[in-house]
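This briefing is meant to be read beside the sequence and the coordinates. Please keep both open while going through the points.

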Amino acid sequence: MNLDPLSVPYRAGESVLRLAWVLVFLVFGNQTFGGFTGVGLVVVAWFLVTLAYQLVYYQRFEYELTEDTLDIASGVVSRRNREIPVRRVQNVDISRNVVHRLLGIAQIDLETAGGSSTEGSLKYVSFEEAKRLQSEIGRLKRGDTSTDETTAEAPAERELFAITPKELVLLGVVGIDLRLLSFVTVLLPVVAPSLTGQFGDPLVGLAVTAPLAAVAIVAVTAAISGALAVTNYYGFRLSRVTDELHYERGLLQRFSGTIPLEKVQTLSISENVIARRLGYASLAVETAGYSPNDAGSQSAVPLADRRRVFDLAQSVEEFEDVAFERPPKRARQRYVVRYGIVAAVVVAAAFAVDRFTGLTFAWYATAVLVAAAPVAAHLKWRNLGYDLQSEYIVLREGFWTRTISVVPYYRVQTVVDSQTIFQRRRRLATLVVDTAGTSGLTSGATRALDIDEAKASELREIVADRLQEELVKRREQRRHERLGSMEAAA
């Protein structure tokens, strides 16, 4: 099969728009091509050349969905043939911007297990064809080989979540990145020179302008995040069809896709400071094709009541209500020392600037950081924890954005307990639980931070043992299912 014929002019138009900055330079720069008229001729010529190329590309691009693979043949100068095993497909995503919807076309992307980028992409097919491919790939992955459309019964769809206007507005509020407040330190040096004549002490000017700058940054960030929330998650809807989750979202660019439940690696429940105060949280589903930090993040619930989010998470993975065990209190003492050292360095630096330079100010005000160190240490310690359940290990970490990760034992790839030189002094260790969807042992993997070293070693052995038990149990279950299918066929 070929791409949609409208993909030819659309892709040619995309190529022209990508050179828009060059055209602006030609018009407002040295007028090399004779001003607007010359540039217009260049645009037309480039469009015709690109249109011819895209026409050849369209004629040489073919794809075919078989019972086992999606075969794609492409290439103008050199040919490339790909066979994507249907069973290895993790996610099938359809995206359409405003122009796509007007033309009735769509882009379909396929992610496979372990792929660091999109394995297969069709740019562009008709929207009906995209929905057909998405449905057919889902059917083949379920092992349904029925091709009689007149007798085949469509699987029932059950809606799990639909975002409300209130939740959409709140998403813009709680989506503020609190780290942007650090830009206050960048803005203040810009406005400080204008305040030197009005305030005798620069610290007074800082005290006056910092809150105003913080309020301005929060207001601008809230407006931007609110607009992004509306455009990205407008009309968000999550439903379940047999063993798959289906989602739709987006205003300017509409996305729809599938999340196979059998490929789920980890569930992540996130709640930043603002969301926690309001009683809201979000849920992300991590598969071997996607992780929550990827550009194509599989957000199962962008924002909802915290209890509702946990209920939805427990409908995907049947874990029990969590009761976290925090690290020992000597871990908190470690954080007090660490943050206290940082605060002392800042105070010493402020004193040195006041003492040895011409910039004089009330440096001793930075001593407030020393008093804040124990508070910050307690908040960090309080939001750490783990819960060892019969079929899952649940891990919690983070203050500004607290993340609760639910990991099934049978999805564990590697479990490691490690110690830094500073942890060894306090008999602490970190347990890292790595799955196929996480970024790896160095970053992104879920972990139990700064727990007792003996407990970390014990947990590592328990998780490893339960992993083997779950794998044996699942192999037996699959064997019984195959025997049942053979008996039914006979």
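The model is predicted. Its protein chain holds 14 helices and 19 strands. Of the chain's 490 residues, 39% count as buried. Among contacts with a separation of 6 or more, 59% are between residues 24 or more positions apart.

**The three-stranded sheet**

- Three strands form an open sheet in the order S1-S2-S3, and their pairing is antiparallel.
- The edges are taken by S1 (62–65) and S3 (80–85); each has a single partner strand, so one side of each is left without a neighbour in the sheet.
- On average, and with direction ignored, neighbouring strands of this sheet are turned by 10 degrees against each other.
- Strand S2 covers residues 69–74 and runs antiparallel to S1, with four bridges joining the two.
- At the residue level, Glu64 stands opposite Asp71 of S2.
- In general, the strands of a sheet pair through backbone hydrogen bonds, in either a parallel or an antiparallel manner.

- Val86 sits in the loop between S3 and strand S4, the latter spanning residues 89–96.
- Is Val86 buried or exposed? Its relative accessibility is 2%, and because buried means under 20%, Val86 counts as buried.
- The contacts of Val86, leaving aside neighbours within four places in sequence, include Leu65, Thr66, Asp68, Thr69 and Leu70.
- Ile137, Leu140 and Lys141 are also in contact with Val86.
- Thr66 lies 20 residues from Val86 along the chain, and the C-alpha atoms of the two are separated by 8.7 Å.

- Strand S11 runs over residues 264–272 and contains Thr266.
- S11 is mostly covered, with eight of its nine residues buried.
- Strand S12 (residues 280–287) is joined to S11 by six bridges, and the two run antiparallel.
- Within this pairing, Val285 of S12 is the residue opposite Leu267.
- Strand S16 (residues 401–408) is likewise antiparallel to S11 and joined to it by six bridges.
- Ser270 has Thr403 as its bridge partner in S16.
- Thr266 counts as buried, at 1% relative accessibility.
- Which residues does Thr266 touch, not counting those up to four places away in sequence? They are Ala284, Val285, Glu286, Ser405, Val406, Val407, Thr435 and Thr446.

**The second largest pocket**

- The volume of the second largest pocket is about 970 Å³.
- The lining consists of 27 residues, of which Glu262, Tyr410, Arg474, Gln477 and Arg478 are the closest to the pocket centre.
- Which elements give two or more residues to this lining? They are helix H10 (306–316), strand S17 (412–418) and helix H14 (453–489).
- H14 provides the largest share of the lining, ten residues.
- As background, rolling a probe the size of a water molecule over the atoms shows where empty space is left.

- Val16 belongs to helix H1, which spans residues 7–17.
- With a relative accessible area of 12%, Val16 is buried.
- Apart from neighbours within four places in sequence, Val16 is in contact with Val43, Trp46 and Phe47.
- The C-alpha atoms of Val16 and Trp46 are 7.2 Å apart, while the two residues are 30 residues apart in sequence.
- Phe422 is found in helix H13, which covers residues 421–425.
- Is Phe422 buried or exposed? At 55% relative accessibility, and because exposed means over 50%, Phe422 counts as exposed.
- Arg334 lies 88 residues from Phe422 along the chain, and the C-alpha atoms of this pair are separated by 8.7 Å.

Conventions:
Residues are numbered from 1 along each chain as its sequence is written. This is a predicted model: local features need pLDDT of at least 70, side-chain atom pairs count only at pLDDT 80 or more; totals for chains, interfaces and linings use all residues. Side-chain values use heavy atoms; hydrogens and water are left out. Two strands pair if DSSP finds at least two bridges between them. Axes are lines fitted to C-alpha atoms, for helices over the stretch in contact, and angles run from 0 to 180 degrees between N-to-C directions. Buried means under 20% relative accessible area, exposed over 50%, partly exposed in between (1.4 Å probe, protein chains only). Contact means heavy atoms within 4.5 Å. On a 1 Å grid over the protein atoms alone, a cavity is a set of points where a 1.4 Å probe fits but cannot get out, and a pocket is an open set with protein on both sides within 12 Å along at least five of seven lines; lining residues have an atom within 4 Å of a point. Grid points are joined across faces, edges and corners, and a volume is the space filled by probe spheres set on the points.
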